[in-house]
Amino acid sequence: MARTESNSFENGTLAPEFSLEDVVTGKTMNLQQLKGKNGTVIMFICNHCPFVVHVNKQLVEIANNYLKKGISFIAISSNDAKAYPQDRPELMKQVAANLKYPFPYLYDETQEVAKAYDAACTPDFYVFNADLKATYHGQLDNSRPENGITVNGEDLRKAIDAILNNEPPLENQKPSLGCNIKWK
């Protein structure tokens with residue numbers, strides 16, 4: 001599996017606006033509708049990446065823990081579904097149902113949203129405060145497929161807790177690592 005690190009995304013950057021179809025509901029949703037009262041986590045993921053498959057259950061657990069605290073979660077797949085048919089919207093819907101995603105799973109067919117966020121890999125995590133200003137862009141935790149470290153979401157949880165506790169952004173933000181986004 002190819003290993004690609006996330007690009008840098010400066011703290012304080014305003015979250016780029018978007019409007020994408022949620023493959024679960026079939027409705028077009030935008031950032032303003034989906035943002036959380038206290039913060040927003042945007043995750044670039046996909047169906048087939050072994051790095052995403054490795055963390056999926058933890059993503060669901062983290063979202064379920066923080067949704068009730070006013071943090072919203074938005075998953076976006078930007079992969080070229082023609083070249084990677086396992087990432088087609090109908091299969092995204094199936095994955096979301098099977099894993100009981102408590103968040104929308106949006107399809108970025110044009111890849112414009114991934115480009116606006118300068119997303120590079122799956123998974124790629126962005127955390128924004130209530131004003132949609134970036135406070136974190138980095139890894140979920142130190143676990144990777146086959147490295148033997150338990151998936152616990154430590155880094156992402158710390159970033160979200162910093163928002164909820166009115167603390168400054170984490171100083172040590174390690175880049176995410178995963179499969180490269182499958183560009184057209």
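Here are a few friendly notes on this predicted model, point by point.

1. Let's start with the inside of the protein. The structure has one cavity of 30 Å³ or more. The largest cavity holds about 80 Å³ of space. Its lining is made up of 13 residues, and those nearest the centre are Val-55, Pro-123, Ser-143, Arg-144 and Leu-177.

2. What kinds of residue line the largest cavity? Seven are nonpolar, four are polar and two are charged. Helix α2, which covers residues 50-67, gives the most to this lining, with three residues.

3. Helix α2 is also worth a look for its packing. α2 and helix α5 (residues 154-164) pack with their axes 11 Å apart, at an angle of about 15 degrees. Because angles under 35 degrees count as roughly parallel, α2 is roughly parallel to α5. The crossing of α2 past α5 is right-handed.

4. Which residues make the contact between these two helices? From α2 come Gln-58, Glu-61, Ile-62, Asn-65 and Tyr-66, while α5 brings Leu-156, Arg-157, Ile-160, Asp-161 and Leu-164. Sorted by type, the residues of this contact are five nonpolar, two polar and three charged.

5. The peptide bond that joins Thr-122 and Pro-123 is cis, with omega at about -5 degrees. As for its place in the fold, Pro-123 lies in the loop between β7 (121-122) and β8 (124-129).

6. Another backbone detail belongs to Asp-118. Its phi is near 55 degrees, a positive value in a residue other than glycine. For background, most residues other than glycine have a negative phi.

7. Finally, a word on Val-95, which is found in helix α3, residues 89-99. How far apart are Val-95 and Cys-46 in sequence and in space? They are 49 residues apart in sequence, and their C-alpha atoms are 9.5 Å apart in space. Leaving aside neighbours within four places in sequence, Val-95 is in contact with Asn-47 and Tyr-101.

Terms used. Residues numbered from 1 in each chain as written. Predicted model: local features only at pLDDT ≥ 70, side-chain atom pairs only at ≥ 80, totals over all residues. Heavy atoms only, no water. 1 Å grid on protein atoms, 1.4 Å probe; cavity = no way out; pocket = protein on both sides within 12 Å on 5 of 7 lines; lining within 4 Å. Points joined across faces, edges and corners; volume = space filled by probe spheres on them. Helix = DSSP H or I, 4+ residues; strand = E, 2+ residues; numbered from the N terminus. Nonpolar A, V, L, I, M, F, W, Y, C, P; charged D, E, K, R; others polar. Axes fitted to C-alpha atoms, helices over the stretch in contact; angles between N-to-C directions. Parallel < 35°, antiparallel > 145°, perpendicular 65-115°, else oblique. Left-handed = near helix turned anticlockwise from the far one by under 90°. Contact = heavy atoms within 4.5 Å.
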